Structures are given as structure tokens and as C-alpha cells.
Amino acid sequence: MKVLLIIQEILSTPAILVGLMALLGLALQKKPTTDIVKGTIKTIVGFLVLSAGAAFVQSGSLTDFGVLFNYAFNVNGVVPNNEAIVTTALEQYANDTAMIMMFGMLANIAMARFSRLNYIFLTGHHTLYMACMIAVVLSVGGLSGWMLILGGSLLLGLVMVIFPAMAQPTMTKISGTDEVGFGHFSTIGYWFAAQVGKLVGGKAMKEGKGKSTEDINFPKWMAFMRDTTVAISITMMIIFVVVCAVASARPDYADALAGGALSATALTGYSNWFVYALVCGMNFAGAIYIILSGVRLILAEIVPAFKGIADKLVPNAKPAIDCPVVFPYAPNAVLIGFLVSFVGGVVGMFILLGINPSFGNTLPIILPGVVPHFFCGATSGVFANAEGGLKGCVIGSFLHGLLITFLPVITMPVIGALGFASTTFSDADFCGVGIVMGNIAKFAQGPALLVVCIILFAAPIVYNFVAPKKKA
């Protein structure tokens, strides 16, 4: 049991997982020991830097902003959160999740090797979350024991290549290379935003009439806004000032600080909310700077190291890396995508409030979670910008915000069947897989559901051997 927990922790720690992949790739290339050590350590450090930036922005500015926003505008409901629902579900499904994750990663390698979907999914924590979600949904379908582990592992291995493949056409446009894949389980949302971007701005971009988010021309007196760090700082400072001003105007503000809704925020450490707002805005920009630095360090090491895996184990293998990997390519789109997606989430919340009486007030009210709207909204902005420029970025990100508001509403009945109705998954792929497999489980129970999982996994492999391959 202890060994299993150690393995689970290693596989769910992105820095170690990617470091091991870099080590394997360099070793397969028979690189000198010094190069192997250097490449492995720099890859791990790069991921730790990225994780530090993500933790900095999530635990500080974003978390406090979400609390402040809900208090300032007096809204209550369900905030979708991957970590919250997984933590709850693991109390009942820890062993099954660990086994599905471990064997699912092996299934990922097998799928990459024997199908045309040559992606190795390297976002360890999302692999853990998806393994947990699959364990829950298949359990509702009557699977348990070895059948649950087998069916769950095959399904996990399949989605670990399906979603990177879905993202790859736009990912190639973003990065300018086909050597790096995209591994983050909100790909349905990114693909959707990219298609919207292509629809509204793709023609103009092809004809050279469209404008990318990175081509925004600021007046001379605003030349400082061309610096990403400065632009993000100023934008976020303004947003924090507005929200803090509205919150401080509430009559129960002092009580909220003393022991109420705001007592857990960093705001309580400041005597003046205006100073706090300025610091938070710049903290946010600092976190983005850290994330971008980590991404650059990872890409400099993982792509050359992965050549060994591609050459020796999985021909043409591509590392599928977490969503911040696209941030350096369009920093303006990152900020626009986050803000517009969040606005979409707010609009979606009001739509749910408006239509809820028609459903007997049974619909859950999904509040705009700042963390998913930042990471997923920012990424959707980059994807939509790559296909449709500035116009595509704005419209695609807004509709993405609506999408990740309504998908959790549809997902909650599946998750709620096991008593997790107080929360739900925030990212589109968890919702998509949950909705599809949850509905299949209504008609295919027990062994029949296992057969469905086997067929779904086998289909891309069979297709690879049966269908004619395109000539190079």
C-alpha cells in the first residue's frame, strides 16, 4: 500500500514525471552522464518554477479575488473546482484512482506506439483528476474491482491521446512547430474557442486584414503598455481597485473583515484596501512572469530530450505539456482571454439565475471561478487568437466562459449521484467525458460497460493497421 501511494505521488507530481521522461529520453540517446543530469535537473527546475508561479497566482491574487467578487456582489452558488471534488472523491476511490492512473499511463504509451495518436500526456495532476473522475463515473455504471481498473485504465489512456490530437492543429499554429503537443484536460473548450475564432476572424487573418492580439498598437504616451508585465500589472490593479471599492462600500464590511466572509483573505493584513489592491495587481503580474520563465526553461530541455523516446520507443512521439506552455506565444491574448472568459462566466451566472425559476429552482448556480477562468480562459484566448486574431480572441474567450459555466450544470447530475452535489469539475474535458460516459453507463451496465471501454480503446489502434496511411 505504501509503495502504491509513493508511485501515485510520483506520477501525480508534474515536475518529477517530466523529469523522468527527460532522463529516459536522454538516456535512450546515450548522452553523457553530465548531459543527462543537467537536462533532467533543468527540466524539473523548470516545472517547479512554473508550478511556483501557478501556486503564487492561485493561492494569492486569484483566490482572494474570487472571495472579494462574491462578497462585493453578494452572489452564492457552486464554484467548480477540480481539487475540491477530487479530494472529496478520493476518500472513497483512492485505491481505484491510483491503479487507473498507473495503468492508464501505460495504456497512453501503448496507444501512442500502436495508433497514429503519438502523444505522451505529461500533465500529472490532470491525469490524476481524470483517473478519479473516470473511477467515479464507471462505478455508477456498475464496474468494480479488476473490471473497473481495466476499463478505467483503457479509457484514461484513450483520452490522454484524443485531446492532445484535438488541440494539435491550432497548437502547431501557436508554437510554429509540430514537435510539442498540448496536454490539459480543458481541450474541448480551447478547440471550441479556436473554432469560434476561425469563424469570426479566420478569413480576415488569412487575407492579412486581421489583427493579432500581439499587434495592438498603443499610443506613444501609452508605450509602456507594450511591456507585458506592466500591462498586466496596470490592468489587474484597476480590476482589484474596482472590486475592493464595491466591497468596502457594503455596510457589513468591517464585520466581514473581522470574522465574516473576508476574514480568510490577505486583505485583513492591510489597513487600507487601496494599497492591498495595488499590491495584488502587481503580484498577479509577477506570477505570470514566473510562469513564463518556467515554460521557457522546460521547452529548452524537454523537446531535445524527448527525441530519444521518439526514436527508440514511440516513433514521432510528442510531449503533451500543461496549458501555460502556450502563454509566452501571445501574452496579450492571455490577459484578454482571462478577462473576457470571466465576463462570460458572470453573464452565464445571471442567465442561470434568470432561467432557474422555469426549472423549479433546481438548477445549480455556477459562480465564475477565477482559477479556471484564468488558466482555461487565458489559454482559450491564445487558441482563439491563433485562428481568428483579436476579434476571434474576444468572441471565442467570451463563449468559452459561457461553455465552462453550463457544462458543469450538465455534469453535476452524474457526479451528484454519489453525493458530490456541492461541487463539480471546472474544466471542459472532465465535464465532456463525464457527460458522455455517464450517459453510456445508463444503458451499458457492468460487463457491457467494460466492453464499451475496450472497444473505444481498440478503435484507434485497429484504424492504424486497417486504414491506408497518407503518403509523405
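Student: Let's start with Gly401. Is it buried or exposed?
Tutor: Gly401 counts as buried, because its relative accessibility is 0%. Keep in mind that this is a predicted model.

Student: Okay, and where does Gly401 lie?
Tutor: Gly401 lies in helix H12, which covers residues 370-416.

Student: What is Gly401 in contact with, leaving aside its neighbours within four places in sequence?
Tutor: Gly401 is in contact with Ser341, Gly344, Gly345 and His373. Gly377 is worth a look too: 24 residues separate Gly401 and Gly377 along the chain, and their C-alpha atoms are separated by 6.9 Å.

Student: Is Glu387 buried or exposed?
Tutor: Glu387 is buried, with a relative accessible area of 6%.

Student: How many salt bridges does the structure hold?
Tutor: There are 4 salt bridges in the structure. One of them joins the side chains of Lys318 and Asp178, at 3.7 Å from N to O. Lys318 is in strand E3 and Asp178 is in the loop between H6 and E2, so that pair ties together parts 140 residues apart in sequence.

Student: And how accessible are those two, Lys318 and Asp178?
Tutor: Lys318 is buried, with a relative accessible area of 11%. Asp178 is partly exposed, and its value is 40%.

Student: What about Asp252, which residue does that form a salt bridge with?
Tutor: Asp252 forms a salt bridge with Arg250, and their closest N and O atoms are 3.4 Å apart. Asp252 counts as partly exposed at 28% relative accessibility, and Arg250 is partly exposed as well, with a relative accessible area of 22%.

Student: You mentioned strand E3. In what order do the strands form the sheet?
Tutor: The order is E1-E3-E2, in an open sheet of 3 strands with parallel pairing. E1 (119-121) and E2 (181-182) are the edge strands, as each pairs on one side only.

Student: How many bridges join E2 to E3?
Tutor: 2 bridges join them, and the two strands run parallel. E3 spans residues 318-321. Looking at Phe182, its bridge partner in E3 is Ile321.

Student: What holds strands of a sheet together in general?
Tutor: Strands of a sheet pair through backbone hydrogen bonds, either parallel or antiparallel.

Student: Stepping back, how many helices and strands are in the chain?
Tutor: The protein chain has 14 helices and 3 strands. Of its 472 residues, 54% are buried.

Student: What share of the contacts comes from residues 24 or more positions apart?
Tutor: Such residues account for 82% of the contacts in the protein chain with a separation of 6 or more.

Student: Which residues form a nonpolar patch on the surface?
Tutor: Val343, Val347, Ile351, Ile355 and Phe359 do, with about 380 Å² of accessible area together. Val343 is found in helix H11, residues 331-355. At 44% relative accessibility, Val343 counts as partly exposed.

Student: Where is the place of Leu353?
Tutor: Leu353 is in helix H11. It counts as partly exposed, at 41% relative accessibility. From C-alpha to C-alpha, Leu353 and Ile366 are 9.3 Å apart in space, and they are 13 residues apart in sequence.

Student: Last one: how far does helix H13 reach from its first C-alpha to its last?
Tutor: H13 (residues 428-443) reaches 23 Å with its 16 residues, close to the 22 Å expected at 1.5 Å a residue.

Student: Which residues of H13 are buried?
Tutor: The buried residues are Ala428, Asp429, Phe430, Cys431, Gly432, Val433, Gly434, Ile435, Met437, Gly438 and Ala441.

Key: Residues are numbered from 1 along each chain as its sequence is written. This is a predicted model: local features need pLDDT of at least 70, side-chain atom pairs count only at pLDDT 80 or more; totals for chains, interfaces and linings use all residues. Side-chain values use heavy atoms; hydrogens and water are left out. Patches are made of residues with over 30% relative accessible area and no salt bridge: like charges are joined within 9 Å, nonpolar side chains (Val, Leu, Ile, Met, Phe, Trp, Tyr) within 5 Å. Accessible areas come from the Shrake-Rupley method with a 1.4 Å probe; for residues, only the protein chains shown count as cover. Helices (H or I, at least four residues) and strands (E, at least two) are DSSP runs, numbered from the N terminus. Buried means under 20% relative accessible area, exposed over 50%, partly exposed in between (1.4 Å probe, protein chains only). The expected span of a helix is 1.5 Å times one less than its number of residues. Two strands pair if DSSP finds at least two bridges between them. Contact means heavy atoms within 4.5 Å.
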